[in-house]
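Visitor: I'd like to learn how to read a structure like this one. Could you walk me through it?

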Amino acid sequence: MENLVEICGLNKAYGNKPTLHDIDIFLQPGQIVGLLGPNGSGKTTLIKILTGLLKDYSGVVKINGKAIGTETKAIVSYLPDEPYFSDWMKVKDALSIFMDMYADFDYAKCLEIMKKFQIEENVRIKTMSKGTKEKFQLALVMSRKAKLIILDEPIGGVDPAAREVILDTILENYSPEQTILIATHLIADIERIFSNVIFIKKGKIVLNKEVEEIRQESNKSIDELFREEFRYE
Ligand SMILES: Nc1ncnc2c1ncn2[C@@H]1O[C@H](COP(=O)(O)OP(=O)(O)OP(=O)(O)O)[C@@H](O)[C@H]1O
């Protein structure tokens, strides 16, 4: 199958501090990939390169065969680790911004997800709890028919019961032509939806495998494997 994401020999430094080292990653449609690593391992840096927010790197990074730019931005739906709404915005304002900005935004689908999360259109976003803001942002991001969906810590602010609803929402609303890349620390909660996992350690990929293969080989959960790999010495 054709790769949707192709990363070859990627290196990135902040000033003279090397951060990503010789990264090779290939992602295909239909995969839900967990990007897992401890604090400071380079997950957000890698995501910012894929989303076009960071440009000063070396190596090849392509999405759908194109170098990162306007064309790739149009096919990537991105949930950043911090909400990006302005203080004045109501839910309905954010909805119209998404309608204007993204040709692939499915308004009806977003309303459906919002209903499930009990989010009203007239609420000022600033007054929502952290968890509700996250749910709303996820509803927006999952309602785009984008080829690549990137979620940076999508369930960090929500309670365990809501996490389940969010994970089900991701599964229900993604199609096999899409690829989802999820960076998270909440591995035990989220691992049931991964098809593949990538472990990143100090800017290097130390594991990149199908979850099924890992389970057969080691008989361990991804959470157990992560704790072993990243145990503090
Ligand atoms: N703007 C920046 N300027 C300089 N160094 C940075 C910058 N952003 C990140 N770094 C450094 O790059 C390294 C990787 O950071 P990054 O945010 O990509 O890690 P992460 O895996 O996403 O971490 P976390 O899990 O804590 O979010 C860290 O050492 C961090 O201090």
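Predicted model: local features only at pLDDT ≥ 70, side-chain atom pairs only at ≥ 80, totals over all residues.

Visitor: Where does UniProt place the feature "domain: ABC transporter"?

Guide: The UniProt record, an unreviewed entry, puts that feature at residues 5-227. That span is 35% helix and 27% strand, and its end C-alpha atoms lie 28 Å apart.

Visitor: Let's take the sheet. What order do the 6 strands of the open sheet have?

Guide: First the general idea: strands of a sheet pair through backbone hydrogen bonds, either parallel or antiparallel. Here the 6 strands of the open sheet follow the order 6-7-8-3-9-10, and the pairing is mixed. At the edges you'll find strand 6 (76-79) and strand 10 (204-210), each pairing on one side only. On average, neighbouring strands of this sheet are turned by 15 degrees against each other, direction ignored.

Visitor: How many bridges join strand 3 to strand 8?

Guide: There are 4 of them, and strand 3 (residues 32-36) and strand 8 (residues 179-183) run parallel.

Visitor: How about two helices together? At what angle do helix 5 and helix 6 pack?

Guide: In general, two packed helices are described by the angle between their axes and the distance between the axes. Helix 5 (residues 130-142) and helix 6 (residues 160-173) pack at about 5 degrees, with axes 11 Å apart. Helix 5 and helix 6 are therefore roughly parallel to each other. On the helix 5 side, the contact is made by Gly131, Lys135, Leu138 and Met142, while helix 6 brings Ala162, Ile166, Thr169, Ile170 and Asn173. Sorted by class, the contact has 5 nonpolar, 3 polar and 1 charged residues.

Visitor: Last stop, the ligand. Which residues surround the ligand?

Guide: Around the ligand you'll see Tyr14, Thr19, Gly37, Asn39, Gly40, Ser41, Gly42, Lys43, Thr44 and Thr45. By class, this shell divides into 1 nonpolar, 8 polar and 1 charged.

Visitor: Which helix gives the most to the shell around the ligand?

Guide: That's helix 1, with 3 residues.

Definitions and conventions. Residues numbered from 1 in each chain as written. Axes fitted to C-alpha atoms, helices over the stretch in contact; angles between N-to-C directions. Parallel < 35°, antiparallel > 145°, perpendicular 65-115°, else oblique. Contact = placed C-beta atoms within 7 Å. Nonpolar A, V, L, I, M, F, W, Y, C, P; charged D, E, K, R; others polar. Pairing = 2+ DSSP bridges. Near = placed C-beta within 6 Å. UniProt positions renumbered as here; feature names shortened; annotations may be inferred.
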